[in-house]
Amino acid sequence: MTLTYLTYLLAAFIAAFGFGVMYNVPTRTLFASSISGAVGWLVYYIIAFQFELVLFIGAGAASFLIAFLSQWFARRYRMPVIVFTVPAIIPLVPGGSAYNMMRAFIEGNSEAALRFGTETFLVSGAIALGLSLNSGLFQIFSSRAFNKRDKRYLP
């Protein structure tokens, strides 16, 4: 069982690393963004497939964690958050489901195409929701936001 986890962790790390190189991410941040992608994929795999919960929950939790790690790495490396988020989120993108949806449409299997299409849109929506929710919460709970809010509302 742990060999499966390590294999998926390594594969997600390599995928995030490769996309980081392709998107010309600064060299000093490649390892951190790849770690975020690998940990995010592992969380997605454990929640969605090991606990057999809905893929929406797994993708949402994984993208929330990726966004959290990206925020943390961005502060640590003093770089924009997008540098860490984009390569790390790539392993979660439901490319296989989108491919299967198009293949089912072409073969005339509308029921399977609708099932794969629904899965694709739900996972994509969960990724967007997890990233947005983390960004909003991080802005609310960051110390700078509290300081700005206190100064504005003080008499």
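This is a predicted model: local features need pLDDT of at least 70, side-chain atom pairs count only at pLDDT 80 or more; totals for chains, interfaces and linings use all residues.
Visitor: Is Ser97 buried or exposed?
Guide: The cut-off for buried is under 20% relative accessible area. Ser97 has a relative accessible area of 10%, so the label is buried.

Visitor: Which residues does Ser97 touch, leaving out those up to four places away in sequence?
Guide: With the sequence neighbours up to four places away set aside, there are still contacts to list. Ser97 touches Phe116, Glu119 and Thr120.

Visitor: Over to helix H3, then. How far does H3 reach from its first C-alpha to its last?
Guide: H3 covers residues 55–77, which is 23 residues. At 1.5 Å a residue you'd expect 33 Å, and the model comes close to that. The reach is 32 Å.

Visitor: Which residue follows H3, and what is its phi near?
Guide: Most residues other than glycine have a negative phi. Arg78 follows H3 and goes the positive way. Its place is in the loop between H3 and helix H4, and its phi is near 55 degrees.

Visitor: Is Asn24 buried or exposed?
Guide: Asn24 is found in the loop between H1 and helix H2, and its phi is positive too, near 60 degrees. Exposed means over 50%. Asn24 has 66% relative accessibility, so it counts as exposed.

Visitor: What separates the C-alpha atoms of Ala11 and Pro91?
Guide: Ala11 is found in helix H1 and counts as partly exposed at 43% relative accessibility. Along the chain, Ala11 and Pro91 are 80 residues apart. Their C-alpha atoms are separated by 9.0 Å.

How values were computed. Residues are numbered from 1 along each chain as its sequence is written. Side-chain values use heavy atoms; hydrogens and water are left out. Helices (H or I, at least four residues) and strands (E, at least two) are DSSP runs, numbered from the N terminus. The expected span of a helix is 1.5 Å times one less than its number of residues. Buried means under 20% relative accessible area, exposed over 50%, partly exposed in between (1.4 Å probe, protein chains only). Contact means heavy atoms within 4.5 Å.
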